[in-house]
Amino acid sequence: MTMASAEPYVTEDGRTIGGVVMELKNITLRFGGVVAIKDISFDIREGEIRAIIGPNGAGKSSMLNVISGFYTPTEGEVWFEGKPRPKMRPYQVAQQGIARTFQNIALFSGMSTLDNIMTGRITRMRTGLFSQALWMGKAEREETEHRAAVEKIIDFLEIQHIRKTPVGRLPYGLQKRVELGRALAAEPRLLLLDEPMAGMNVEEKEDMSRFILDVNDEFGTTIVLIEHDMGVVMDLSDRVVVMDYGKKIGDGPPTEVRNNKEVIDAYLGVSHD
Amino acid sequence: MAPHGASVDELCSVPALLARNVRLYGDKPAYREKEFGIWQCWTWAEANEEIRAIALGLLALGIERGEHVAIIGRNRPAHYWSMVAAQMCGAIPVPLYQDAVAEEMAYVLDHCGARFVVCGDQEQVDKVIEVQDRIHHIEHVLYNDKRGMRKYDHTQLNWLADIEAEGRAARVRLEPELEARIAELTWDSTCVMLYTSGTTGKPKGVVLSNRNIIETAKASVAFDHLGQDEEVLAYLPMAWVGDFIFSIGQAMVAGFCVNCPESPETMMTDLREIGPTYFFAPPRIFETMLTNVMIRMEDAGDLKHAMFKHFMEFAKTTGETYGMPRYRNKQSKPTLRRRVRWAYRYAMGIGFAVETIVENAVRGFFVRLRHPIEARKYFKARGPLLNLYPQPLRDYFNYRTGDVLVYGPLKNTLGLSRIRVAYTAGEAIGPEIFDFYRSLGINLKQLYGQTEASVFITQQPDGEVRSDTVGVPSPGVELKIAENGEVFYRSPGTFVEYYKNAESTASTKDPEGWVATGDAGFFDEGTGHLRIIDRAKDVGKMADGRLFAPKYVENKLKFYPDILEAVVFGAGREMCTAFINIDLTAVGNWAERNNIAYASYQELASHPRVLDTIQAHVEELNRSVAEDPMLSGCQIHRFLILHKELDADDGELTRTRKVRRNIIAEKFDDLVTALYDGSDSIYTETEVTYEDGRKGSIKATLQIRDAKVVGRPQAGQVAA
């Protein structure tokens, strides 16, 4: 990490965000002959909301998978907390404090909201299988602590009324909220949201936006999000990375990106005359 | 009436009652709230600490005597505490409806001139900030829920907990001032100011004194023998007088515990967990509960369905006699006795079922053996059982069996197992709905009241309950009926005045203290119970001079589960017509069963089969209305189903969900015209307001149906 990037950064709305948490250096990702990501570099700072946008097939989700450690980049390095990150298994990434939600909901549909969110605490559970089965002493105390943490999240996301409902019975918007809850339960340093508002109506989008802002505000969580809705992205994020055909075509605060010619071309198309 | 002086026992203010409760019931629960999945509890002593801390904090902010403190939020202990804390400082709490949009709130905030506003959460703070640039007297905004508030400008904004901490820190300095202010409170100081929902025009601030609230609370606590061990669930809007009387007035007088739900959506779960002994709900809530029960019974297995049907049919005639909890005749605390009685009743239920089966099997076997021919004749005539006991005893045992198998579990599911006294008011309740709850052994009663009377005007005593009356005058209330049928009352609870509105005060309350209710009614001969027909000003004449009582007809229509709202027109006209709103839950369920696909309320409402069903209801109504010679003119000749649900956000209903007839008539002017000009359908466009305040419009072509009417001979028939 260079000294320059450790300096705080002031966003458009006058908020100061911290130093660099993660830096992606010249990332290239190939699947056989297909190049999904072509030589992209950017950084993620402590406490910011960083959006990744781009048209369909631009490589956004692949980028998120690189960040989450699910894909290992073919070339380039991921620096996390000032150190290059070695190749890792997903659970090791989770233990480092990176949590995510999925584009298609991936909850345990037969389990209740409460239990689903409880699974998010798994990386923080310390007691062994045997004492958990007996449920005495340490295991019991530990469960109480985790339950308290989960209840705080339930209260935060205003899903008290579905605490005991199996998530399979819930409408889509609420399932998305439960998924966010599960990611939050891990108390992540870095939260990755893959299209948190896809397929929602205006009201649900407003609710979700409020929750994302509140998460960032209350817990100081760094958030990386992929989203299609331009209005949402521009309102929520502090800085935006724009991708098109696996290349980075813009990076900066929302207003700057909005006026970037390449970005406008990518989104609105360009007349070739 | 004695306007001056103090109450007999010196307890002439809510803070004084609080001090007494701390002395008597210090370690008993006073407030509960479900938070983080657990019922958090505060005893009277703990609640007192919190309230005093808020009061000291308010003093530290410089609160003056006699000023108004607005409170906006859902039912939470901290909000009730803020109200009492304001009273301690000599200020007047003004609770507001939390679901009001900023515009409506602006009027009330401006009218009461509040310098302090206590908000529940970010949503309410946002609304206050929105109107703050127009209303300059708002100086301090306090909020209870911290979430999302970090980025706000905190020069005028404070977290309630910070204020409490500040109050605790300044205890030594401000305690004497607080004590002095509490001591200054008298029987005549204002206890609370509540804004009426305003069926007509702008809301009016009703000023209620300590005398009003405390005397009414005392009388009503004595009337139903409410004790310290009652449990209530506070879920109705805090701005409504009923909630103030139940959750502050009666709770303080009787010393019982007020339970606050976790969130508005969890109300039913919380109700079940608490199992209140004293419960209040508008008819709408009881209707919704019943509809849900019926819908779920449809999906139940055959055995359960059959049992439910059999025992509910049985309870219709016997529930009143055998089902009711023992009525109390004094304030007592028979917790152990209640448990023993419950165990005894339960044992009776199981015992009888076993007894019947065994006894019948044994005796029946011998009877058939000894007298085969007579036995065959006997069983053929009287069913499979030997009737070994006299009828009343059999009914009693049968009811107990029903209690174990059906009524008990059902009451438990609804959260009404422990109900000793339940009230419904505000609107007429359907007789079937009312009887359903009573036959389950829930002591559901009706009361009639209004904000200006501190709720109670009439109520039904235990054991004298009927679905079509509202009961006898409450203790201390005098009633008279004017020539035009309007009901007048005079009571210790009669309000002091409308705030800053001497003109309205004078027109409502005469110098002798009689207040016009605005409702027309009469005393039932024989029982002496009051019956309310309609709003006095809505009772009108039709073109041919016959009586027109729209609400009477609307209520009858609303008793059908399919119909949510109805608006009847006909004053000064030849015939009556109606707008109807269907109930999306009930009709939607019916549609699913009958394979009718629909995407929205609008689509379902315009389905021909829905129209057929509603038409059948209207025609049935016409037959029943025709039986009453006075009201036979109110039969509905033509009707349509509205393309949108009537909504308070569009100003069509009041916040307490009463129909605003004139506004609706004006807004849907084209539809009313169509109802009277004989057309079959009409195209219309309506502006709607969404919950977040944005506007949109709905377009629809509505079918108008003619309904058969009874009795009135057609001109042609007379000539023939």
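1. The model is predicted, with local features needing pLDDT of at least 70 and side-chain atom pairs counting only at pLDDT 80 or more, while totals for chains, interfaces and linings use all residues. Residues are numbered from 1 along each chain as its sequence is written, and chains are lettered from A and ligands numbered from 1 in the order in which they are written.

2. Contact between the domains involves 11 residues from domain 1 of chain A and eight residues from domain 2 of chain A; two residues are in contact if their C-beta atoms, placed from the backbone, lie within 7 Å. On the side of domain 1 of chain A that touches domain 2 of chain A, α3 (90–95) and α8 (202–219) of chain A each provide at least two residues. Helices are DSSP runs (H or I, at least four residues), numbered from the N terminus. The most comes from α8(A), with four residues.

3. This side of domain 1 of chain A comprises eight nonpolar, two polar and one charged residue. Ala, Val, Leu, Ile, Met, Phe, Trp, Tyr, Cys and Pro count as nonpolar, Asp, Glu, Lys and Arg as charged, and the others, Gly among them, as polar.

4. Between the chains, 12 residues of chain A are in contact with 10 residues of chain B. The elements giving two or more residues to the side of chain A that touches chain B are α6 (138–156) and α8 of chain A. Of these, α6(A) gives the largest share, five residues. By class, that side of chain A has two nonpolar, two polar and eight charged residues.
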